[in-house]
Amino acid sequence: MTTAGFISIAVTLLLILLLARPAGHYLARAFDYERTGLDRIFLPAEKLICRLGGIRGDNQTWKQYAFTLVLSNSVMIVITYLIFRFQSFLPLNPGNIGNMEPTLALNTAISFMTNTNLQHYSGESGLSYLSQMVAIVFLMFTAPASALSVIMAFIRGLAGKPLGNFFVDLIRSITRALLPIAFIAALAFVCLGVPQTLEPAAVVTTLEGAEQQIARGPVASFLSIKELGNNGGGFFGVNSAHPLENPNALSNLIQILLMMLITTATPFAYGKMVGSPKQGRVLFVSMMMLFLLMLGVSISAEQAGNPLLNSLGIEDSQGSMEGKEVRFGLAQSSLYSVVTTASETGAVNTMHDTLTPIGGMVTIANMMLNTVFGGIGAGFLNVLMYAMIAVFLSGLMVGRTPEFLGKKIEGKEMKLIAATLLVHPVLILVPSAIALALQPDSISNPGFHGLTQVLYEYTSSAANNGSGFEGLGDNTPFWNLSTGIVMYIGRYFAMVALLAVAASLAAKNAVPVSAGTFRTDNRLFAGVFIGVVLIVGALTFFPALVMGPIAEHLTLKP
Amino acid sequence: MNTKKTMLGGDTIRQAAKQAIVKLDPRIMFRNPVMFVVEIGFVITLLLCIFPDAFGGTVPRWFNITTTVILLFTVLFANFAEALAEGRGKAQADSLKKTKQDITARKWVNGSVKQVSSSDLKKGDVVIVPAGEMIPGDGEVIEGLASVDESAITGESAPVIKEAGGDFSSVTGGTKVVSDQIKVRITADQGESFLDRMIVLVEGAERQKTPNEIALNTVLVSLTIIFLVVVVTLPFYSDFLQIQMEVPILIALLVCLIPTTIGGLLSAIGIAGMDRVTQFNVLAMSGKAVEASGDINTIILDKTGTITFGNRMASEFISAAGHKNSDTACWAAISSLKDETPEGRSVLELIKKLGHSYDEKLADGGEFIEFRAETRMSGINLKDGRQVRKGAVDAVKKWVLSQGGSVPKDLESNSDAIASAGGTPLAVAVDDTIYGLIYLKDTVKPGMRERFEQMRRMGIKTIMCTGDNPLTAATIAREAGVDDFIAESKPEDKIAVIRREQAEGKLVAMTGDGTNDAPALAQADVGIAMNSGTVAAKEAANMVDLDSDPSKIIEVVAIGKQMLMTRGALTTFSIANDIAKYFAIIPAMFMLAVPEMGALNIMKLDSPVSAILSALIFNAVIIPLLIPLAIKGVAYKPMSSNRLLSRNLLIYGLGGILVPFAGIKLIDLAVHHWV
């Protein structure tokens, strides 16, 4: 990697670090039900929305909160499904794009509602402008807003407060966090050359005199929420590798910052909301260590390149450049691939399919762990679940019933946590096995790489990431429905179960801290947490990874 | 208990081995899901021994047989661990059952004695028990005083005094009256007596899983399901790669990955934890209570008898103006020569300690004056006519004045100083002269300070309860190093303190023996009643200390913690083991089809077959190797949680990662010779 590449990564990481804490404190204030200074700016508009929706905003029980979450999200899936199905009859369709096939429409609706943005279609040819703007962009706001609401309710529960009201949180997520930032970012993207227009594709004559259609549209507004909301679905098929969706290094930097902004801020918001900033900082540092580990492995693998190609005498000082954009180079491509999978965004500026086997494994591993920051809300929810498992094991080791933030973790909570822990690997391993057995023809590669493609598809679905390893003929009813189910369960099971945990903990008396308490705000806990994430997370997927990327890596010899 | 020492006698081991086979019954195995999976694996491989190609496999028959045998032993080892832990309780129960024979009781009916069988006695019946006879059932002394030999229950051979009324009125069936005769009202029906309950408890027949055990079990089941999914999906993956997967190898992988070590030892740890408490002569009514004691945040202790010896002891002589300390000591000694009270004896001990000498012969032939509540003095009338007295300051003062003597000017100020420091002053006088004062102090038991210091390190707060005035209480509290005290406390105060602490989310333990302690014992999360105490107290408590030593609560806390720690340590160890097992089995599974996978064979195991068998053998033998640890519990020293965790992580976490690498490699070195 070049010095410039190294510096560009260092600067990006530094900016992420600088933004996380203030953003976290802002989030904590934004979701504080006590009166804060922010109310003066946002409350009038929010009150109006509440009145229009007939929402009173009373505190909800965990069951009400979870029910409103699942019901409102499901209703939105139905609405967008209908828009996709009938887009050819609806306005704003200058490209005369036809109606979507039913299973693809369902898959796409679930995909965007669950913040996954797995795309079994190509944006330019599959969706009308109305579908892009009303259906897709609408879900790109409500999906992360739903998850942000859930994590805030969960944290309130840990802090021993009522969980709050889903609708109030949903509105606040949009008015106070997503909309203002996305608006500013969109303007920045426009300045950097990203199109924002309702005109149909531009028709130009090339130098050779041929006629070419250049797809365009309201890209900038789409792009900003795509990154900020950890959505990841591309306006264009090739996503952020497309010059109009990611024109230069600066737009690339902004995209990375947007992907990481809210998810790195959440631990700080958590620390503030539970009244102990150290608790949040420890988790942030732990996740950052995992992130750096992943990044290090990815970069060194990409730098080493493909020994088969290297042995042919191809210039290899740049590392593996296959599938990468020269305007980003190895450093920014590797970084982007780690960021987009760590934050479960799914936007890509390089084709993950063409990463080296180990570089590709890093992207899958991020999604398998789903705790290297993770997507807005959902990621940190997972992190707190792993923290509780770490607390449970370490509590036993010091001879006390485990406590997390002073609340005892007992049988009831552990049952819910154990079930949640189970869901993620099952959602990845079982459908992958079924697909490998039933759909070998839709997999473009034989052998280890083909296995990785399938594994990637379901890992990406279960973790609600949405990026693809490509190479799958995945627009078939089998893939559409199976990934649809995986995305839906992967999204809501953990949220509902962990809301129940939060409510159960909130109802408990907090045990005061003493010398006998196992502390969760120091380096030792960070170590235990990382250990638990790696061992519990990695043990589950080790055999699958061995048969996919690791075998591919080992057999890649000249 | 007499059978205490028979921990690992040959008989116990034989019994346990037999039980291990009985427990193979799937209906029993089902209760332990982790080991049940292993048993199913065993059945499948057994079938494969008979029909080797049932799944189209190509592994040789001997491999199937070896795997079957190892799996069988894995299950047997786990069963053996449980049976061994249970066996120790059973041996105790048997010796208790011997105590519980049917005897003839003298039932008191309308003023006359009627001979009935002890099994016909009902609650409310009254029986007479003369010296030399066994008490036929649990009850309360309603008349008389007797010394009772309770060694059958407590193991303590010195008889204890039981008398009607007060806190020493309860007697236990199966104990023996040694002297005198008592009338007892039976308080428990047959089958519900203390002895009956004790037998049930030590047998562990009604053992219920504790909350923490349930939580841990949930995690283990979840891990088992995850690994089941991992292994079941594996052949689909390998099919796609056109690599053949053998069923016995998949079963081997599954058994190695699921947490069999902790799964096999979990119930043994629980039983052994209860048992450790019993060995300690404390009877826990449930495992939940033992577990809760590990979580205790606050301990409420009675001052008298727990923290201090309860009797005041002489600690200093303070002479009045014009007298020498040695004279005061000498007369104090003369007055105490025949005084058998603890105070009197302590005076003589103090003199010995200080090195004062006095003439014992002075007292020869003197008339000892015993302490009486009216006079509040004791002493001796010497042969030469001199009268020596020691006693309450104002009583002695009055006595001296009545003989025309005078009171030293500094007496008042000295005695006030002693009183305000929490002590009791005794004046010493000979005829009309007051020589000085004996400073009596309630003495803190040796070692208590260190124990409270330990508890503070463990994060446990200690509260001392005493009937003393606040001044005295504060002095003792300071001296003993307790965190807090309640002076002039009434029984209600204890409940109030317990409720206050509980409202803050803390778990509270207390000890007590009197009937008036019963409500507080019931309110406390861990209540330990003294066996010498009343029936009401014992009923309300969730533990009974057979030795009636209230300070034992501290050890009970340690045992509770130890039980949780042992579970945590072995769980961590078990999960960490998986890393090495993966590196043994995964390369072995693929090395034939993909030779490059040999790069993952970092242990350089000889062949795929020996690698798999070595991992499987390691997985099996680690269970019996860890039985002693499971039964004894991991070492526990009071220290802060963070240090404890670092230490245990190092031993069981890091150890759990490294030990199997070494173990599997060693086994492979042996196994590969005949593979």
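Mentor: Chain B is divided into domain 1 (10–92 + 203–278 + 558–674), domain 2 (297–307 + 445–557) and domain 3 (311–444); such bounds come from an automatic or database domain assignment. This is a predicted model, in which local features need pLDDT of at least 70, side-chain atom pairs count only at pLDDT 80 or more, and totals for chains, interfaces and linings use all residues. Residues are numbered from 1 along each chain as its sequence is written, chains are lettered from A and ligands numbered from 1 in the order in which they are written, and side-chain values use heavy atoms, with hydrogens and water left out.

Consider the boundary between domain 2 and domain 3 of chain B. The centres of these two domains, taken over C-alpha atoms, are 34 Å apart. Domain 2 of chain B brings 11 residues to the contact and domain 3 of chain B brings 8 residues, where contact means heavy atoms within 4.5 Å. Together domain 2 and domain 3 of chain B bury about 740 Å², and carbon and sulfur atoms give 56% of that area. Buried area is the accessible area (1.4 Å probe) that two parts lose on being put together, summed over both.

Between domain 2 and domain 3 of chain B there are 0 salt bridges, a salt bridge being a side-chain nitrogen of Lys or Arg within 4 Å of a carboxyl oxygen of Asp or Glu. Likewise, 0 residue pairs in polar contact (both at pLDDT 80 or more) are found across this interface. A polar contact is a pair of N or O atoms within 3.5 Å; within protein, one must be able to donate a hydrogen and the other to accept it, and residues adjacent in sequence count only if both atoms are side-chain atoms.

On the side of domain 2 of chain B that touches domain 3 of chain B, helix α16 (residues 470–480) of chain B gives the largest share, 6 residues. Helices (H or I, at least four residues) and strands (E, at least two) are DSSP runs, numbered from the N terminus. That side of domain 2 of chain B holds 6 nonpolar, 2 polar and 3 charged residues. Here Ala, Val, Leu, Ile, Met, Phe, Trp, Tyr, Cys and Pro count as nonpolar, Asp, Glu, Lys and Arg as charged, and the others, Gly among them, as polar.

Chain B also meets chain A: 62 residues of chain A are in contact with 60 residues of chain B. The two chains bury about 5100 Å² between them, 76% of it on carbon and sulfur atoms.
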